[in-house]
Structures are given as structure tokens and as C-alpha cells.
Amino acid sequence: MGEPARKGLDLEAYLRLEEESPWRHHLVEGSLWAMAGAGRAHNQLLTRLLLRLAPSALAQGCEAYAADRRLKVAEDTVFYPDLMVVCAPSSSPLYEEAPCLLVEILSPSTEALDRGKKLWHYLRLPSLTAYLLVHTERVALEAYLREGEGFRYLALGPGDALTLSCPPVTLEVAALYEGVRLGE
């Protein structure tokens with residue numbers, strides 16, 4: 001005989017747990033996933049992106065959040081994106097729901113989640129105009145850009161630039177990586 005189905009953690013229980021926990025967790029389809037720490041390259045890239053994106057976001061009446069702001073993508077799924085830009089109000093002070101831009105900085109411990117469940121959930125958000133995956137081992141950036149009802153995929157390298165609509169900014173890949181200690 002099979003095991004009885006276990007009910008996953010609901011949103012309310014997850015939010016209570018997160019408020020009391022010294023550690024952060026993603027809620028992925030009802031299951032808790034502990035978050036890994038970030039290395040030097042990850043933090044350097046996150047800082048550079050935030051410094052480049054935040055002024056444009058604020059000028060448009062939007063907010064840019066780095067690392068510690070929750071994003072609810074479904075009733076049983078909540079993530080902490082590395083960076084997000086949000087222009088629409090949320091129904092809760094505990095999380096955002098309608099980002100226009102999401103950024104995940106890849107590491108060996110998070111890449112499968114960033115390319116798997118996060119990608120699947122993120123691209124279903126009606127508000128999303130771009131999802132960026134930023135590499136820490138090499139100078140490379142991947143972008144999913146909204147085009148009509150779908151998304152176009154771009155792989156960018158050192159000589160490339162990416163123009164975003166929300167916030168309106170152009171990211172030069174080489175400049176983003178200037179001084180970053182890759183692999184650390």
C-alpha cells in the first residue's frame with residue numbers, strides 16, 4: 001500500500017514560520033527549500049545590478065528590491081529573487097506579486113532551481129517583462145524578454161548590451177562584470 005499523501009505547507013503557515021525563523025526559505029509548491037549563502041562574485045554582481053537598475057526604477061515610480069523581499073507566484077509558492085523591480089502595489093506587506101523584472105544570479109547550488117521551477121513560475125507572471133540569469137563563473141547573461149504572449153531568449157556575452165523596458169535602462173555586459181572576481 002502507498003504512503004498517504006501529505007498536505008504541503010500553506011501560505012499562512014509559511015509566512016508565520018518565516019517571521020520566526022533566523023533562516024530564509026523558499027516555499028516551493030508547498031515544500032520548504034532552505035536558501036544557500038552567496039559568494040563574492042554573486043554579491044558583487046548583485047550590487048552592480050542594483051546600483052544600475054534602482055535609479056531608473058525609482059524615477060519611474062517603481063521599487064527595486066535585492067535579496068530579502070519575498071515574491072508570491074502561487075498560493076503554495078514563494079521565492080526570494082536575487083533582485084526584482086516592482087511597479088504595482090501588492091495586496092500584502094509581506095510579499096510582492098507583480099514584478100516587471102526578475103534577476104537570479106546563478107551558482108552551482110541554485111542553478112537548477114533558477115532554471116527550473118523559478119523559470120516556470122516566473123514566466124507565468126502577467127506583469128513580468130524580463131527575467132535575467134546572471135552567471136558567476138563567466139562573463140555571460142541570459143535574458144527572457146516578453147514579446148506579445150511569449151518570451152524571447154537571448155544569450156549575451158562580453159561585447160553585448162541589453163535594453164530593458166522596465167526599468168528603462170541599458171545594461172552593458174562587460175561593464176556589469178568589471179572588477180568582479182569570477183568563481184568566488
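1. The link of cysteine 100 and cysteine 166 has -70 degrees about the S-S bond and is left-handed. Cysteine 100 sits in strand E7, cysteine 166 in the loop between E11 and strand E12 (168-172), and the pair links distant parts of the chain, 66 residues apart. The S to S distance is 2.0 Å, where a disulfide is taken as a pair of cysteine sulfur atoms within 2.5 Å. Both cysteine 100 and cysteine 166 are buried; buried stands for under 20% relative accessible area, exposed for over 50%, and partly exposed for what lies in between (1.4 Å probe, protein chains only).

2. On provenance, this is a predicted model, in which local features need pLDDT of at least 70, side-chain atom pairs count only at pLDDT 80 or more, and totals for chains, interfaces and linings use all residues. Residues are numbered from 1 along each chain as its sequence is written, and side-chain values use heavy atoms, with hydrogens and water left out.

3. The disulfide count comes to two. The other pair to note is cysteine 62 and cysteine 87, with sulfur atoms 1.9 Å apart. The torsion about the S-S bond of this pair is about 100 degrees, so the disulfide is right-handed. This pair, too, links distant parts of the chain: cysteine 62 is in the loop between H2 and strand E3 (63-66), cysteine 87 in the loop between strand E6 (83-86) and strand E7 (99-105), 25 residues apart. Cysteine 62 is buried because its relative accessible area is 5%, whereas cysteine 87, at 38% relative accessibility, counts as partly exposed. With the bonded cysteines numbered in sequence order, the pairing reads 1-2, 3-4.

4. The chain has five helices and twelve strands. These are DSSP runs numbered from the N terminus, helices being H or I of at least four residues and strands E of at least two.

5. Helix H1 covers residues 11-20, and its buried residues are Leu11, Ala13, Tyr14, Leu15 and Glu18. The cover over them includes strands E1 (25-28), E2 (31-34), E4 (71-74) and E5 (77-79). An α-helix has 3.6 residues a turn, so residues three or four places apart point the same way.

6. Glutamine 44 belongs to helix H2 (residues 40-59). Its relative accessibility is 17%, so glutamine 44 counts as buried. The side chain of glutamine 44 comes to 2.9 Å from the backbone nitrogen of arginine 181. Leaving aside residues up to four places away in sequence, glutamine 44 touches Gly179, Val180 and Arg181; contact here means heavy atoms within 4.5 Å.

7. Proline 158 is in the loop between strand E10 (150-156) and strand E11 (161-165). Residues up to four places away in sequence aside, proline 158 touches Val139, Val173 and Ala174. Its C-alpha lies 8.5 Å from that of tyrosine 177, 19 residues apart in sequence.

8. On overall dimensions, the C-alpha trace spans about 55 × 35 × 30 Å along its principal axes. The radius of gyration of the chain is 17 Å, which agrees with a compact globule of 184 residues, for which the value would be near 16 Å; the radius is taken over C-alpha atoms, and the globule rule is 2.2 Å times the number of residues to the power 0.38. Of the 184 residues, 45% are buried. Among contacts between residues at least 6 apart in sequence, 51% join residues at least 24 apart.

Definitions and conventions. A polar contact is a pair of N or O atoms within 3.5 Å; within protein, one must be able to donate a hydrogen and the other to accept it, and residues adjacent in sequence count only if both atoms are side-chain atoms.
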